[in-house]
Amino acid sequence: MIAFRTLLILLAAFLAVFWEAAFPGTSRWLHVQVDLLPPLIVYASLNTGMRTVALLGVFGGLLFDSLSANPLGVTILPLFIVGLAIYWRRELILRDQPYAQFVLGLGASAAAPLLTVVLLLTVGHPPLLGWGSLWQWLVMSLAGAIATPLFFLIFGWCERVLGHVPVIETSFRPDREIRRGRS
Amino acid sequence: MLKRPHYIAVGMVVLLALLVLNLPGRATARLKLAIGSLFLPLFGLASGAQQLTGKAGDLLLSRSELARQNESLRRENEQFRLLAMQAEEMARENDRLRKLFQWQQQHRWKSRLKLARVILRDPANWWRTMQIDLGSRDGLRTNLPVLAIGGLVGRIHSVSLTRSQVVLVGDPNCKVAALVENETLDTGVMGNAGPLDTSLVELSYLSRNAALKPGQNVVTSGLGGIFPAGIPIGKVVDSRLAEYGLYTEARVKLEANLGALEEVWVLLP
């Protein structure tokens, strides 16, 4: 089940990065391209193990950077740091509540681009920044927040439809049934 | 709480990220192209979806609207034919004068242009790049100029076998030596665009006495060795003194609409 979930998440990351690059979507109207990797890492860190979080950070980051002008590997650390922070405190988070998912998505989608920009400035690749970047940051955060509960819904549905349901053993045994009345 | 295996995972990811970030430039470029080629099977899907969207849009257009557009295009076509005839005559006259003064003949662009389709755009909001469906097998190499109907679009940044990455004008990695077509023929460098508006780009390092007026044409100056002279870039919008009056900076409205590019032309050597 865990391997299936990991595969599903990695496939979603692959398709998400391609969608971001191939379909302008929101960037034509709002001048912002939405990033779907932070909502994915929120889902992964709340529902899977550390291995999946690490894999998503590396795989998602490398895929994103391969289609972008980012230096290769620069997106790995921000994604992983966000995932790690959530994973660290996940026992205290009401992960089934859409409100909690929304807030986590908002935080993750706000933190990941910020960390990436800081890292870009650190490694000497100053990106295109200005006052308009604040608008982009706001829209990315909000869109990520909205996408997070949706990802929980979609993955929940996928697991119900495609994954196997574990057999629950009950204490009922037909040979130990108490028969009442005269026989 | 984090356990020992978690710390190992954290260490491995950090180590891997640092390793990839510190790879030599050539190895990084190759690795980037190799990872990017994972998306190859999806390119066809994307173009198919875009064509489908286009066809759906066509179905929604009324017959009268199409007839009106057809008529307007026919008129435009006639005007362009007249202009082309005029240009041909001017080119012949130019050739004669060049022979007279024994100047070197300039290469024409027409035969060196190769049409490419835009397949992907940069998913990060802080860069202005895109990918086209021509690569090294089509004769492309780095630093070739890329044009659109309006004018200059950018230059080829990296090339793989089947696709290439183009850095657009306004990206921090695409600087263009530009010339303003005014009396003083001021030259400067096209720099960054704003993060939101891709159509306005800064033209910096112009002389502090530059005679700039809104509406003046900006073209490539031919300096710098990448872009040939005379490619239209845009028009001056406004100007101001920068860095305590050290030089003049102008905002230029680009001729090419970088936000809606679907096909571009690569100028081969």
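Analyst: Contact here means heavy atoms within 4.5 Å. By that rule, 46 residues of chain B are in contact with 50 residues of chain A. This is a predicted model, in which local features need pLDDT of at least 70 and side-chain atom pairs pLDDT 80 or more, while totals for chains, interfaces and linings use all residues. Residues are numbered from 1 along each chain as its sequence is written, chains are lettered from A in the order in which they are written, and side-chain values use heavy atoms, without hydrogens and water.

User: What area is buried between chain B and chain A?

Analyst: Buried area is the accessible area (1.4 Å probe) that two parts lose on being put together, summed over both. For chain B and chain A the value is about 4,300 Å², and carbon and sulfur atoms give 75% of it. On the side of chain B, Pro123(B), Trp126(B) and Leu196(B) lose the most area, together 18% of what that side buries.

User: Which element of chain B gives the most to the side that touches chain A?

Analyst: Helix 1 of chain B does, with 9 residues. Helices (H or I, at least four residues) and strands (E, at least two) are DSSP runs, numbered from the N terminus.

User: What makes the pair of Phe14(A) and Phe39(B) stacked?

Analyst: Rings of Phe, Tyr and Trp (its six-membered ring) pair if their centres lie within 6.5 Å; planes under 30 degrees apart count as stacked, over 60 as edge-to-face and the rest as tilted. The centres of Phe14(A) and Phe39(B) are 4.8 Å apart and the planes stand at 5°, so the pair is stacked. It crosses between chains, from helix 1 of chain A to the loop between helix 2 and helix 3 of chain B.

User: Why is the meeting of Glu159(A) and Arg5(A) called a salt bridge?

Analyst: A salt bridge is a side-chain nitrogen of Lys or Arg within 4 Å of a carboxyl oxygen of Asp or Glu. The side chains of Glu159(A) and Arg5(A) meet at 2.6 Å, N to O. Glu159(A) lies in helix 7 of chain A and Arg5(A) in helix 1, so the pair ties together parts 154 residues apart in sequence. The structure holds 10 salt bridges over all chains, but the count between chain B and chain A is 0.

User: How do you know that the span of helix 4 of chain B is close to the expected one?

Analyst: The expected span is 1.5 Å times one less than the number of residues. Helix 4 of chain B has 39 residues and reaches 56 Å from its first C-alpha to its last, close to the 57 Å expected. Just after this helix, Gln102(B) takes a positive phi of about 60°.
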